[in-house]
Amino acid sequence: MKPVVAFSALLVLAALLPVSYQRNVENPDFKPNCLVGGPDIYDPTQAEKVPWFDVNLDLPPRQRFKQIAAAYKDDIRAVFDVLNYFLTIIPGVNAWELIGNVTASALDKGMIMNPYKDEVLGIAEVLEVPIGNLVFLNIFYEMSRFCTSIVAQTEDNKDLYHARNLDFGQLFVWDIDAQSWGLTDALKKVSVNINFFKNGKLVFKGSTLAGHVGVLTAMKPHKFSLSMNAKVQPDLINVAKWYMGAYENTDLQFVMYFERWLFENCDDFQCARQKIAEVKLLTGAYFILGGVNPGEGSVLVRNTTSVQFERKLFDGDNDWFLLQTNYDPDKNPLFIDNRRDPGNACMKKLTRAGVGMKGIYTVLSSKPNLNKTTVHTVLMSVTKGYFETFVQKCPNPCWAF
């Protein structure tokens, strides 16, 4: 069996796992714990621990991310080590090498578009790691973001706050002594903020992971904001087909690259909303979008070709906030992963009068929205231009997912 076929078969099998099994039950071991109304836990000075870098989009692509790669060389390589160790569970197969070789072949065939291809090549030169594994890591982030995103309108309609917990690393090497996921811990150490400049002017700012050339959460100050949550059952069959060359010479896009493109080409909420609705994607996703005008907040539920449906602020039962995890709004979440109901209850306890950096941070610091896979928390005020990223640790007892 050819390596690309073998790897694609693994992806298809993963897609067929029974993750859609759902029940409405409460986890008896870890009760939800909303911190709203308790002690003040919001400390904006803690956001200073996540560093800021500038990326000049006028530079040749291979040079743009080299300073970040150099600063985090050892930590990014540590992420590689966790994945390599995890993949040794397949006896007699060097799965990490197989993945790298297959992905490098896709890169050689031109299946990764520029400038992103050259940006990743530049990072790989600094890290001295196989290019295929680095490209796979970028793709992997696209498929596995288990997150909670919130957009909420203030009581006076003068501001909208947008926030997200990035959850990543579940099932990847449980550290018994630390009571944490090895991959989550490794990713916390590579959390960074980036200011993207072009023609000497700030275009947008975002939070991401060093070694990744996309953005995970981003904002164009005083214009719009965006976070993307992966679906609990991503379109792995499409990814397998991509690896096998089925989508060569098509206009399908990876979400991670499309997000970058969106901020470089749109200047307001309506433009971003239209482009999100029109783009053809390799995998479906949830796009959580915020703007500066009253009511500019939406969750667009996307499949690969179109918008399945859209939830809007002040539309029916949605009222003054929208909270999105990794499940379609009309579907029940997995019984071991119900962050939606506790998150909605905590937001209602906060009330619209409490919407702000402090209030939203408190909600996202409440269990189970804060859990053992939470890498970092991002808070944004689109109107004021505030952007803060916090690396958090969930105190025991805490949900492992």
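View 1. In β9, Phe-224 is the bridge partner of Lys-220. Helices (H or I, at least four residues) and strands (E, at least two) are DSSP runs, numbered from the N terminus. Residues are numbered from 1 along each chain as its sequence is written, and side-chain values use heavy atoms, with hydrogens and water left out. Because this is a predicted model, local features need pLDDT of at least 70 and side-chain atom pairs count only at pLDDT 80 or more, whereas totals for chains, interfaces and linings use all residues.

**View 2. The eight-stranded open sheet.** The strand order is β1-β6-β7-β8-β9-β10-β11-β12, and the pairing is mixed. At the edges are β1 (52–56) and β12 (307–312), each of which pairs on one side only. From one strand to the next the twist averages 20°; axes are lines fitted to C-alpha atoms, for helices over the stretch in contact, and angles run from 0 to 180 degrees between N-to-C directions.

**View 3. Helices α10 and α11 lying across strands of the eight-stranded sheet.** Helix α10 (residues 255–265) lies across β6 (191–198), β7 (201–209), β8, β9 and β10 (285–290), and runs at about 175° to β9. Helix α11 (residues 269–278) lies across β9, β10, β11 (297–302) and β12, and runs at about 10° to β11. The axes of α10 and α11 come within 10 Å and cross at roughly 145°, in a right-handed crossing (left-handed if the near helix is turned anticlockwise from the far one by less than a right angle, right-handed if clockwise). The contact (heavy atoms within 4.5 Å) is made by Phe-258, Trp-261, Leu-262 and Asn-265 of α10 and by Cys-271, Ala-272, Lys-275 and Ile-276 of α11.

**View 4. The five-stranded open sheet.** Its order is β13-β2-β3-β14-β15, with antiparallel pairing, and the edge strands, β13 and β15 (386–390), each pair on one side only. Here the twist averages 10° from one strand to the next. Five bridges join strand β14 (residues 374–381) to β15, which run antiparallel, and the bridge partner of Thr-377 in β15 is Phe-390. Helix α12 packs on this sheet, touching β2 and β13, and its direction makes about 155° with that of β13. Helix α13 lies across β2, β3 (160–167), β14 and β15, running at about 160° to β14.

**View 5. The packing of α12 with α13.** The axes of helix α12 (residues 340–350) and helix α13 (residues 357–364) come within 9 Å and cross at roughly 150°, which makes α12 roughly antiparallel to α13 (angles under 35 degrees count as roughly parallel, over 145 as roughly antiparallel, 65 to 115 as roughly perpendicular and the rest as oblique). The contact is made by Gly-343, Cys-346, Met-347 and Leu-350 of α12 and by Gly-359, Ile-360 and Val-363 of α13. The buried residues of α12 (under 20% relative accessible area; exposed is over 50%, partly exposed in between, with a 1.4 Å probe and protein chains only) are Arg-340, Pro-342, Gly-343, Asn-344, Cys-346, Met-347 and Leu-350, and what covers these residues includes β2 (146–153), β13 (321–324) and α13.

Conventions
Two strands pair if DSSP finds at least two bridges between them.
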